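Subject: Structure handover

Hello,

Here is the structure I said I would pass on. My notes on what was found in it come after it.

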Amino acid sequence: MAKNIYSKPVLFTILATLTILVGTVVTMFVPMLTAQMHPKLEGLKPYTALQLAGRDVYQSEGCPFCHTQTVRPLKTEVERYGHYSLAGEFYYDRPFLWGTKRTGPDLAREGGKYPDSWQYAHFEDPRAFAPHSIMPSFAWLKKIKLDPAQVETHMKVLGFPYTQADISALAGKTELDALVAYVQTLGTAVTVKAQATVPVTKKMTHVPNPLAGSHEAIERGEKLFEQNCQACHGKEGVGYIGPSLRDKDIFLYVRGNVPDDDYFEIIHNGTHPGGIEDGRTEKGGMPSFADTLSNDEIWSLVAYIRSLQGEK
Amino acid sequence: MSVYKMGDYHYDNQTVRKFIYSSIFWGVLALIAGVWISILFWAPGLNGPGWLTYGRLRSFHVNVMAFGLVLGALIGIFYYITIRLTKRPLLFPKIARFTVYLFNLAIAVGGWGLLMGYTKSLAYNEFEWPASLLIVILWVLMAVVILGTIIKRKEEQMYISLWYIIATVVTLAVIYVVNNLVVPAGLFKSYPVFAGVNGANVEWWYGHNAVGSELTMATLALFYYFLPKSTGLPIYSHRLSIIAFWSLIFAYLWAGAHHLVYTPIPDWIQTVAIAMSIFLIAPSWGSVVNGFYTVREDWGRMRTHYLTKFFILGITFYGIQTVQGPTQALRVVSSLIHYTDWVVGHVHMGAMGWDALVITGAIYYIIPKIYDTEIYSEKIANTHFWLVLTGQIIYSITMWIAGIQEGAMQKAVNPDGTLKYTWDQIVAKDIPYWQFRTLGGVIFVAGMLFFVYNILMTVRKGNALVASKA
Ligand code: HEM
């Protein structure tokens with residue numbers, strides 16, 4: 001039989017190598033040399049020492065096996081999580097932690113979604129918030145202290161800016177503190193921008209609830225409450241991280257019933273520390289639902305809350 | 001006429017055996033971890049602190065499976081095939097023997113590290129850098145032995161299996177080295193040099209082709225060698241093999257970004273990957289057709305030659321896998337099943353249905369040959385076959401249903417456009433499927449234990465034979 005490449009192993013190996021390199025060069029190597037693979041969002045900041053330590057924990061404990069960090073540009077996904085992910089958000093991510101499986105929800109927009117206290121409580125006992133959750137409890141991370149010197153080495157390797165004060169502030173902090181700090185940064189570079197363009201305050205003068213007493217609205221409100229509010233206000237509004245909603249004579253820690261539209265405003269606008277609602281001072285921590293709920297939905301929630309307070 | 005006598009292979013045969021035993025050892029550990037994490041899906045209270053938490057055991061399962069069981073078995077079987085197809089002993093037998101120890105050290109360090117939480121978090125490449133470094137050295141030494149032996153061969157023509165072995169050796173070398181470019185930040189911590197979207201593109205170029213080389217090209221090398229051996233029938237078409245080989249290794253390297261559909265990497269990279277994924281049906285089915293037409297000569301061998309069914313069912317699942325894969329790459333399909341349990345079903349049909357059947361079939365062939373005896377029990381081998389087949393089918397089908405359900409529930413909206421289901425409601429619906437998955441897994445593992453027992457007994461029989469001859 002004539003000599004062919006199948007009897008010339010060296011030539012064969014070279015040809016095979018060249019064959020696999022074509023796709024490699026076109027789809028991986030060449031793009032790497034272009035700017036489109038290294039975009040950076042304006043306002044994106046490198047991780048702080050505490051956040052980086054939290055990111056290391058996120059890697060060690062295998063969170064990416066159950067949680068993704070990319071919101072796809074699909075309608076329902078934007079509805080569930082918020083703005084779809086942008087290439088420029090991941091500039092400082094080494095490695096990227098997009099994940100491959102959503103056993104739990106995407107976390108790309110988790111930062112600022114709940115107060116820190118919620119995150120701590122959820123990590124300690126996920127099933128207190130979602131009865132069917134299969135997320136492991138991470139209470140044990142509270143017992144593991146950070147090693148500031150090690151975190152400093154990591155900051156150096158990544159070239160992130162830090163001060164000596166940042167490092168000494170790590171002493172006494174636990175892995176759970178770090179994890180919460182990291183989770184609270186997720187997606188904030190985008191959320192902050194998005195919020196700045198949306199007018200979040202809405203004021204109204206004593207409009208009655210157009211849906212007051214409607215059974216349909218109460219039922220709808222109940223469903224919306226389970227989906228959006230229960231995690232903080234507890235089952236049927238008994239109170240948890242957010243206050244109880246069942247006593248119509250207390251609103252923002254002060255006695256005295258308030259009109260329906262105050263309820264509307266607080267759900268629509270959210271609260272921030274020191275803010276004033278109907279003369280009462282907010283402590284903060286109630287998120288704004290202006291982007292996620294329509295006016296009708298908010299009125300349904302108000303109707304539902306009123307029904308919890310014993311009004312029919 | 002061969003220049004070498006059987007005795008010349010004695011030392012190399014021992015190396016092959018050591019690789020096979022090592023890989024079985026790691027495989028059993030990884031299988032146990034697999035069943036356990038499947039239980040954690042419906043009994044999350046069993047999660048413990050440290051290495052007892054799901055996230056660490058999950059990476060242990062996958063990496064020890066891919067590198068401990070599969071890679072270990074493949075290296076040993078590559079040595080075995082290379083010796084036979086070049087008609088000579090290994091060129092550097094001492095180096096080959098050394099790679100056994102290097103291999104076990106790498107898996108021990110890497111696997112232990114994952115349990116300690118030391119991970120690179122790059123899919124299918126999670127071992128921290130010291131273990132990866134050992135694997136690179138292992139791979140280079142193995143390449144020297146195998147390529148050296150092929151260059152100094154006593155048989156003019158290289159048979160198809162040697163092509164696939166060479167392709168595996170170079171592909172895995174290139175992708176593994178590139179995806180392991182990291183900056184160490186301590187003995188068991190490192191950060192990759194690639195960041196963000198670029199890092200994602202590099203990772204899935206790696207990830208897809210790790211599957212493409214280890215679980216596809218390498219397994220095809222075994223398939224093309226052991227199918228004719230175990231049936232006594234020659235491969236149907238040499239020409240088809242040539243076309244399938246070159247188009248497969250060409251196209252695979254373009255397709256990685258189908259794992260990144262709808263992510264922020266540039267659209268054109270996704271589109272090219274999707275197109276190439278569809279093209280991949282052709283070379284993949286080249287081998288499927290070649291396999292079926294080989295046995296078409298005499299389907300009776302499915303009954304008379306017990307190993308035939310391992311390879312034929314294996315290539316059948318490979319065939320289904322390579323239609324399912326390209327379908328998954330399509331944007332509209334991806335939008336439904338990406339990030340769901342569907343993909344887990346796809347993975348395990350490949351791993352349990354194709355790779356495990358072909359690798360265990362190959363080991364059934366090799367061990368008796370090395371001892372110059374017969375398999376301890378064909379009956380046990382058949383029990384093994386039917387158990388792993390049943391287990392795999394239960395596993396894949398439950399995960400496909402669960403995946404479609406997850407995708408559909410995540411997308412479901414009320415008439416007014418709001419989302420219909422909370423995450424908790426979606427998880428609640430999954431629980432029965434996850435329980436069925438555990439059932440499938442337990443049946444599969446039971447089958448694998450029959451396999452291990454059968455091999456151990458064959459070895460015992462072989463050793464007794466050797467002793468009686470001495
Ligand atoms: C023509 C051949 C194939 C194509 C085009 C293909 C395509 C795909 C695609 C598109 C995905 C990603 C699905 C998603 O996340 O949405 C995937 C995942 C996967 N496939 Fe295949 N597949 C092929 C054959 C195989 C074979 C033979 C195996 C062998 C076991 C395999 C193993 C895997 C694995 C392990 C994953 C999981 C990746 C992850 O962690 O997300 N595939 N495949």
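Between which chains does the ligand lie? The ligand sits between chains A and B. Please keep in mind throughout that this is a predicted model.

The iron atom of the ligand has His346(B) as its only protein donor. The donor atom is NE2, at 2.2 Å from the iron. His346(B) is part of helix H13 of chain B, which covers residues 341-371. The side chain of His346(B) also has a polar atom 3.0 Å from a nitrogen atom of the ligand.

For Tyr124(B), a polar side-chain atom is 2.7 Å from a ligand oxygen atom. For His338(B), an N or O atom of the side chain is 2.6 Å from an oxygen atom of the ligand. Three elements of chain B each give two or more residues to the shell around the ligand: helix H6 (196-231), helix H11 (308-329) and H13. The one that gives the most is H11(B), with 7 residues.

As for the shell as a whole, 27 residues surround the ligand. The closest are Tyr124(B), Gly325(B), His338(B), His346(B) and Val347(B). By type, the shell holds 13 nonpolar residues, 13 polar ones and 1 charged residue.

Next, the helix packing. Two packed helices are described by the angle between their axes and by the distance between those axes. I have two pairs to report.

Helix H1 (residues 10-40) and helix H15 (residues 423-469) of chain B have axes that come within 9 Å and cross at roughly 160°. Because angles over 145 degrees count as roughly antiparallel, H1(B) is roughly antiparallel to H15(B). The crossing of H1(B) past H15(B) is left-handed.

The second pair joins the two chains. Helix H1 of chain A (residues 9-32) packs with helix H8 of chain B (residues 267-279) at an angle of about 165°, and their axes are 11 Å apart. That angle makes H1(A) roughly antiparallel to H8(B). H1(A) also passes H8(B) in a left-handed crossing.

Regards

Key: Residues are numbered from 1 along each chain as its sequence is written. Chains are lettered from A and ligands numbered from 1 in the order in which they are written. This is a predicted model: local features need pLDDT of at least 70, side-chain atom pairs count only at pLDDT 80 or more; totals for chains, interfaces and linings use all residues. Side-chain values use heavy atoms; hydrogens and water are left out. Donors are N, O and S atoms within 2.8 Å of the metal (3.2 Å for Na, K and Ca); water is not among the atoms, so sites may look incomplete. Helices (H or I, at least four residues) and strands (E, at least two) are DSSP runs, numbered from the N terminus. A residue is near a molecule or strand if one of its heavy atoms lies within 4 Å of it. A polar contact is a pair of N or O atoms within 3.5 Å; within protein, one must be able to donate a hydrogen and the other to accept it, and residues adjacent in sequence count only if both atoms are side-chain atoms. Ala, Val, Leu, Ile, Met, Phe, Trp, Tyr, Cys and Pro count as nonpolar, Asp, Glu, Lys and Arg as charged, and the others, Gly among them, as polar. Axes are lines fitted to C-alpha atoms, for helices over the stretch in contact, and angles run from 0 to 180 degrees between N-to-C directions. Angles under 35 degrees count as roughly parallel, over 145 as roughly antiparallel, 65 to 115 as roughly perpendicular and the rest as oblique. A crossing is left-handed if the near helix is turned anticlockwise from the far one by less than a right angle, and right-handed if clockwise.
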